[in-house]
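Let's take a look at the charged pairs in this one. Have the sequence and the 3D view open while you read.

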Amino acid sequence: MKLTTGRYIGHEQDRGIVQFSMQDGPREIACAISTSALDDLERGPRARPDEREAQFLRLRDQIEACAGRKYQATEFEGTPPGIVLRSIDFRG
C-alpha cells in the first residue's frame, strides 16, 4: 500500500530531527528527518529552531516521497520501527 500524509509532530533540537508520521491505511508510521537533511534540501542558510515546522511544510512533498521509497524498501530503524531520513537519502 502507498503511504499517505500523516501529521507533523515536532522539532527536537537536542536530537537534530523533525518528527512526523505517514499513514499506511489506518496504521501510523513514525518518521523523522534530520535537520541537516532539511537544510541540504533547501540549499540555503541553516533554519532557526522556530522555522523548522515551516521548512518541513515547504519541503513536505519531497520528504514524503523519500519516506515512501524507504517504506516500500522496508528500510526501518529503531524501536518501534520507523523511517529515518538523512541527507544521503535525497542524493542520486
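Lys-70 comes out as buried, at 8% relative accessibility; buried means under 20% relative accessible area, exposed over 50%, and partly exposed in between (1.4 Å probe, protein chains only). Keep in mind that this is a predicted model, where local features need pLDDT of at least 70, side-chain atom pairs count only at pLDDT 80 or more, and totals for chains, interfaces and linings use all residues. Residues are numbered from 1 along each chain as its sequence is written, and side-chain values use heavy atoms, with hydrogens and water left out.

Lys-70 pairs up with Asp-89 in a salt bridge, that is, a side-chain nitrogen of Lys or Arg within 4 Å of a carboxyl oxygen of Asp or Glu. Lys-70 sits in helix H2 and Asp-89 in the segment after E4, so the bridge ties together parts that are 19 residues apart in sequence. (Helices, H or I with at least four residues, and strands, E with at least two, are DSSP runs numbered from the N terminus.) Asp-89 is partly exposed, at 22%. Shared partners link Lys-70, Glu-77, Arg-86 and Asp-89 into one salt-bridge network.

The structure has eleven salt bridges, including these:

| Pair | N to O distance |
|---|---|
| Asp-39 and Arg-46 | 3.0 Å |
| Glu-42 and Arg-58 | 2.8 Å |
| Lys-70 and Asp-89 | 3.3 Å |

Glu-42 is in helix H1 (residues 35-42) and Arg-58 in helix H2 (residues 52-72), so this pair ties together parts 16 residues apart in sequence. Glu-42 is partly exposed at 30%, while Arg-58 is exposed at 52%. As for the remaining pair in the table, Asp-39 is buried at 5% and Arg-46 is exposed at 54%.
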